[in-house]
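Hi,

Here is the structure I promised to pass on. Have a look at it first, then read my notes below.

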Amino acid sequence: MSSLLRTLLFLALVTFALAAPKPVQKRSFKVERVPNPAFKRTPGAGTRALIKAHRKYGVALPPGLVEAMGAAQASAPTIAESLTNSAAGVIAGAEGLTSDKKKGTKAAAASSSAAAPKSTGSAGTGATNGTAGTGTGKVTATPEAGDVEYLSPVQIGGQTINMDFDSGSSDLWVFNTQLPAASQQGHQNFDLQKSTTFKMMTGATYSISYGDGSGSAGNVGTDTVNIGGATVTSQAIELATAVSASFVQDTQSNGLVGLAFSKLNTVKPTQQKTFFDNAKSNLAMPVFTADLRKASVGAYEFGAIDSTKFNGSLTWAAVNTTNGFWQFSSQKFQVGTGTAMTVAGGQAIADTGTTLMLTNAAVVNAYYSQVTGAVNNQTVGGVTFPCKSVLPDLSVDVGGSYMAVVRGSDINFAPVDNTGTTCFGGVQAIASSLQIYGDIMFKSQFVAFNAGNNSIGMAPHQ
């Protein structure tokens, strides 16, 4: 072979090697949660949180709670509210969930007279998603005062917006410039026209309602979403054209990022994938973690598990994805150092979007029997006790191999009125086969969600 031929062959091989696609480096990212400085917990917060959780999961309100709701509506009519524009009635209160216990009510979605810029996609197919350049990420998670809601920064089309991460739903919806000016006031609003990567999905709509009758509805597009450094291109973005009053009034929160399984997504005619489902294949690990702290900054981390944030080792439990939730068995509980007791056939959901911890009535009765002055208070629709009470810890079974300890101090949720003498319990009963372990539990436990093998891991906070 001539030297010229050898040289040409060598150059061809070098060119081929340089042109070959390079594997994307997989890593992790973290999103801190930060406090909402404008939030003020008002009397009745416990009642509202309890009503919201019941309606969120389609569970009938018990009589005492119905009466409490009526009293609350008389003084603060945002408990059951309508949407703020001509789409009102799309979400008429909380309609309850279908038999598969889906959290978001799939009502007929609202249409908007607003312009639909760059309408190139079709609702007949799911958005084509891609991830770019990152395999891990972390964002802050900051609690609102009283820990009612935790907020984290999200970039959509290059615009930074504080949103609420919710492991109990599967919609990513956002305040935006299609809303009436009055609804936009005080919010970080996604501006469709300022994003060079936004595309409207022709014919796609969504509608989701939450526990207290609040909700949003609108149209759908795609854009690039960056959470703590992890980027998904062509992520489905649900654009509110109608929102209920409580969302409008809470100017620190500008939408929700659903982190449950995509089967709960409410977009029609074709369901869309969650941000996590789209990003997980490019993460260093197909996991996200919730490190939620009482009255302090915590974080959501995607693609990695930070062992400095918890004591000991994580204990893992299998997740039942049938209903679309992070659901696991929870058949035992223990009050303080007492004897463990059984909840036959108990199941639970880990839900960062629910404020309270809702359990089988047997758990509630056993727990508050150890709290002097605790009563089932019909005025507020739940168990209350003297605010000065020292509450025992509550341990609950996670998957049959771990007892998650919820600190008693985290179970004192909020005063029921301005006197500050009687407080509402953070653990309340729910007449459902599914127990809902919300932020009351997360304050005490570091929680990891693993989509690689559908499992959930827990350990006490460091």
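The lining of the second largest pocket draws at least two residues from each of these elements: helix 2 (45–56), helix 3 (63–75), helix 7 (361–368), strand 20 (375–377), strand 21 (382–386) and strand 26 (427–429). Bear in mind that this is a predicted model.

As for the pocket itself, the volume comes out at about 350 Å³. It is lined by 23 residues, and the closest to its centre are Pro62, Asn376, Gly381, Gly382 and Ala429. What classes of residue make up the lining? There are 14 nonpolar and nine polar residues, and no charged ones.

Which element gives the most to that lining? That would be helix 7, with four residues. Several residues of helix 7 are buried, namely Val363, Val364, Ala366, Tyr367 and Tyr368. At the start of this helix, the backbone nitrogen of Ala362 has a side-chain oxygen of Asn360 within 2.8 Å.

Strand 21 is worth a click too, for Thr384, which has its place there. Is Thr384 buried or exposed? Its relative accessible area is 1%, and buried means under 20%, so Thr384 counts as buried. Its side chain makes a polar contact with the side chain of Asn377, at 3.3 Å. If you skip the neighbours within four places in sequence, Thr384 is in contact with Gly373, Ala374, Val375, Asn377, Val416, Thr422, Cys423 and Phe424.

Cheers

Conventions:
Residues are numbered from 1 along each chain as its sequence is written. This is a predicted model: local features need pLDDT of at least 70, side-chain atom pairs count only at pLDDT 80 or more; totals for chains, interfaces and linings use all residues. Side-chain values use heavy atoms; hydrogens and water are left out. On a 1 Å grid over the protein atoms alone, a cavity is a set of points where a 1.4 Å probe fits but cannot get out, and a pocket is an open set with protein on both sides within 12 Å along at least five of seven lines; lining residues have an atom within 4 Å of a point. Grid points are joined across faces, edges and corners, and a volume is the space filled by probe spheres set on the points. Ala, Val, Leu, Ile, Met, Phe, Trp, Tyr, Cys and Pro count as nonpolar, Asp, Glu, Lys and Arg as charged, and the others, Gly among them, as polar. Buried means under 20% relative accessible area, exposed over 50%, partly exposed in between (1.4 Å probe, protein chains only). A polar contact is a pair of N or O atoms within 3.5 Å; within protein, one must be able to donate a hydrogen and the other to accept it, and residues adjacent in sequence count only if both atoms are side-chain atoms. Contact means heavy atoms within 4.5 Å.
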